[in-house]
Amino acid sequence: LVLIGDPKQAIYAFRGGDNYTYLLAAKAADVHRTLSTNFRSDAALVEALGATFAGAELGHSQIVVRQVSATQQQSRLD
C-alpha cells in the first residue's frame with residue numbers, strides 16, 4: 001500500500017483536507033519519501049521562497065518547509 005500526502009493541502013479543509021489524518025498516516029508508515037524537485041516553478045522563484053520559508057513550521061513541528069530544487073532554470077515569464 002502506498003500513501004501520498006501533502007500536509008500543505010490542508011488549506012482545502014472545506015474539501016476534507018485534514019492535517020491530523022495526514023500526521024496519523026505518516027506516523028504509521030514504515031518508509032517516508034520526500035519529493036525534492038519542483039517541476040512547476042522556475043529556479044529564481046523556488047530559491048526565493050526557499051530562503052524566505054526555510055525550515056518554517058506550518059502549524060505543526062512535523063510539517064516543515066523543506067529545500068527543493070527546480071527543473072526550470074530559466075524564467076517561465078519571458
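L49 is partly exposed, with a relative accessible area of 41%; this class lies between buried, under 20% relative accessible area, and exposed, over 50%, with a 1.4 Å probe and protein chains only. The structure is a predicted model, in which local features need pLDDT of at least 70 and side-chain atom pairs count only at pLDDT 80 or more, whereas totals for chains, interfaces and linings use all residues. Residues are numbered from 1 along each chain as its sequence is written, and side-chain values use heavy atoms, with hydrogens and water left out.

L49 belongs to helix α2, which spans residues 43–53. Helices (H or I, at least four residues) and strands (E, at least two) are DSSP runs, numbered from the N terminus. Together with L45 and F53, L49 forms a nonpolar surface patch with about 260 Å² of accessible area in total. Accessible areas were computed by the Shrake-Rupley method with a 1.4 Å probe, and for residues only the protein chains shown count as cover. Patches are made of residues with over 30% relative accessible area and no salt bridge; like charges are joined within 9 Å and nonpolar side chains (Val, Leu, Ile, Met, Phe, Trp, Tyr) within 5 Å. A salt bridge is a side-chain nitrogen of Lys or Arg within 4 Å of a carboxyl oxygen of Asp or Glu. E47 also lies in helix α2 and is exposed, at 56% relative accessibility.

Strands β1 (residues 37–42) and β2 (residues 69–72) run parallel and are joined by three bridges; two strands pair if DSSP finds at least two bridges between them. The chain passes from β1 through α2 to β2 in a right-handed β-α-β crossover. This handedness applies if, with the strands pointing away from the viewer, the path from the first strand over the helix to the second runs clockwise. D42, in strand β1, has Q72 of β2 as its bridge partner. D42 is buried, with a relative accessible area of 12%. Neighbours within four places in sequence aside, D42 is in contact (heavy atoms within 4.5 Å) with A70, Q72, Q74, S75 and R76.

Y22 is partly exposed, with a relative accessible area of 28%. When residues up to four places away in sequence are not counted, Y22 touches G5, D6 and P7. The C-alpha atoms of Y22 and Q9, 13 residues apart along the chain, are 10 Å from each other. G5 is placed in the segment before α1 and is partly exposed, at 46% relative accessibility. From G5 to T21 the C-alpha separation is 9.9 Å, for residues 16 apart in sequence.

G16 is likewise in the segment before α1 (19–28). G16 is exposed, with a relative accessible area of 59%. Between G16 and I63, 47 residues apart along the chain, the C-alpha atoms are separated by 18 Å.
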